[in-house]
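Please work through the exercises below with the sequence and the model at hand. Each task is followed by a solution in steps.

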Amino acid sequence: MDQTSDKQPVAFVTGASSGFGLLTSVVLAGEGYRVLASMRNLNNKGRLEAAAKEAGVTDRIEIVQLDVTDFSAVETVIQDVIRRYGRIDLLVNNAGYAAGGFTEELAVEEWGRQFETNFFGLVAVTKAVLPSMRKRRSGKIVNISSISGRIGFPSMGPYVASKFAVEGFSESLRLEMLPYGVHVVLIEPGSYKTDIWSKGLGAVTIHPNSPYAKEMKAILKYVNQVADTAPAPDEVIRQIVQVAKSPYPKLRYPVGKGVKLGIVLKHVLPWKWWERMMTKRLWEGK
C-alpha cells in the first residue's frame with residue numbers, strides 16, 4: 001500500500017482532461033486531496049499537467065488512463081487505486097459528452113453511445129467504489145448532472161435522456177447508501193464555458209433537405225449566444241469542493257444563472273404555459 005498519510009483524503013475524478021473534471025482535479029489537489037485524475041486518452045493530459053504545474057499541485061495529482069465504457073478496465077483501475085491508497089473518499093463522476101440532433105435523424109446507435117458513456121460508464125465506476133465505501137461506512141459520490149437532467153431541450157434528446165437517467169439512478173443510490181454513511185450528490189450546472197457544447201453540437205450536420213433545418217439553425221444560434229455569454233465554471237468547482245467538505249451534503253445542487261428559477265417554473269407552471277414559453281424562446285428567438 002502507498003505510504004500516503006491517513007489524513008490525506010483520496011479523490012477519483014473521471015473525464016479529467018478538460019472542463020469540470022480538469023478544474024476539479026486541480027482544486028481538490030489544492031485542498032489537500034491525493035487526486036487520481038482519469039481520462040480516456042492520455043494524449044490529452046497536457047492541459048491538466050499545465051494547470052497542475054501552474055497551481056503547484058503536480059505532486060498531488062496522478063493521471064490515470066480509463067475509458068469508463070470499458071467496464072472490466074473500470075474494475076481493475078478502481079481496485080488498483082484502493083489497493084495502493086487504501087480507499088477512495090470522494091468519487092467525482094464527470095466523464096461525459098453531449099450528442100445533438102433531432103430524434104428522427106439520430107441513429108439508435110448514437111443513443112447507445114451516449115448512454116454508454118454518460119450513464120452506464122458512470123454506473124460502472126460507481127459500482128466499483130461502493131464495496132470499499134460501504135465497508136468503511138464513509139464516502140461521497142458526486143455525479144455531475146446538468147440542468148438538462150431536470151429540463152428537456154429540443155435537439156438534445158440523447159444528452160437530456162442520459163442526464164435524466166443519472167438523476168433517477170442517483171436518487172435511488174442515495175437512499176440505498178445513506179444507512180452506510182455514503183452520500184450521493186448531484187451537481188446540476190447550467191451553461192458554463194466548457195468544451196461540451198462545442199464538441200456535441202459542433203458535430204451536428206444540418207442537411208439542407210432536413211425537415212428540421214430551420215429549427216436546428218435557430219437552436220444552434222441560441223446555444224452559441226448562451227455559450228458566448230456563459231461564465232467560467234468556477235462556481236461549479238466551488239460547489240463540488242463545498243460538497244466534499246460537508247459532513248452531510250444534500251442530494252441536489254443546481255448551479256448557475258437562472259437554473260433554480262427554471263426548475264421551479266417548470267414544476268409550478270401549467271405544462272401548456274411552460275411549453276409555449278420554451279418554444280417561443282427558441283423558435284422566435286425571444
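The model is predicted, so local features need pLDDT of at least 70 and side-chain atom pairs count only at pLDDT 80 or more, while totals for chains, interfaces and linings use all residues. Residues are numbered from 1 along each chain as its sequence is written, and side-chain values use heavy atoms, with hydrogens and water left out.

**Exercise 1. Determine the order of the strands in the open sheet and identify the strands at its edges.**

Step 1. Helices (H or I, at least four residues) and strands (E, at least two) are DSSP runs, numbered from the N terminus. Two strands pair if DSSP finds at least two bridges between them.

Step 2. The open sheet is formed by seven strands in the order 3-2-1-4-5-6-7, and the pairing is parallel.

Step 3. The edges are taken by strand 3 and strand 7 (252-255); each has a single partner strand, so one side of each is left without a neighbour in the sheet.

Step 4. On average, neighbouring strands of this sheet are turned by 15° against each other, direction ignored. For such angles, axes are lines fitted to C-alpha atoms, for helices over the stretch in contact, and angles run from 0 to 180 degrees between N-to-C directions.

**Exercise 2. Describe the surroundings of strand 2 (residues 34-39).**

Step 1. Strand 2 is joined to strand 1 (residues 10-13) by four bridges, and the bridge partner of valine 13 in strand 2 is alanine 37. Phenylalanine 12 stands opposite leucine 36 in strand 2.

Step 2. Between strand 1 and strand 2 the chain passes through helix 1 (residues 19-30) in a right-handed β-α-β crossover. Right-handed means that, with the strands pointing away from the viewer, the path from the first strand over the helix to the second runs clockwise.

Step 3. Five bridges connect strand 2 with strand 3 (residues 61-65), where isoleucine 63 is the bridge partner of alanine 37. Together with helix 2 (residues 46-55), these two strands make a right-handed β-α-β unit.

Step 4. In a regular strand the side chains alternate between the two faces of the sheet. In strand 2, Arg34, Leu36 and Ser38 on one side and Val35, Ala37 and Met39 on the other are all buried. Buried means under 20% relative accessible area, exposed over 50%, and partly exposed in between (1.4 Å probe, protein chains only).

Step 5. Six of the six residues of strand 2 are buried, so the strand is largely enclosed by the rest of the structure.

**Exercise 3. State which element provides the largest share of the lining of the largest cavity.**

Step 1. On a 1 Å grid over the protein atoms alone, a cavity is a set of points where a 1.4 Å probe fits but cannot get out; lining residues have an atom within 4 Å of a point.

Step 2. The largest cavity is lined by residues including Thr14, Asn93, Thr117 and Val125.

Step 3. Helix 4 (residues 108-136) contributes the largest share of this lining, four residues.

**Exercise 4. Is serine 155 buried or exposed, and where is it found?**

Step 1. Serine 155 is found in the loop between strand 5 and helix 5 (157-177).

Step 2. With a relative accessible area of 6%, serine 155 is buried.

Step 3. Most residues other than glycine have a negative phi. Phi of serine 155 is near 80°, a positive value.

Conventions. 1 Å grid on protein atoms, 1.4 Å probe; cavity = no way out; pocket = protein on both sides within 12 Å on 5 of 7 lines; lining within 4 Å.
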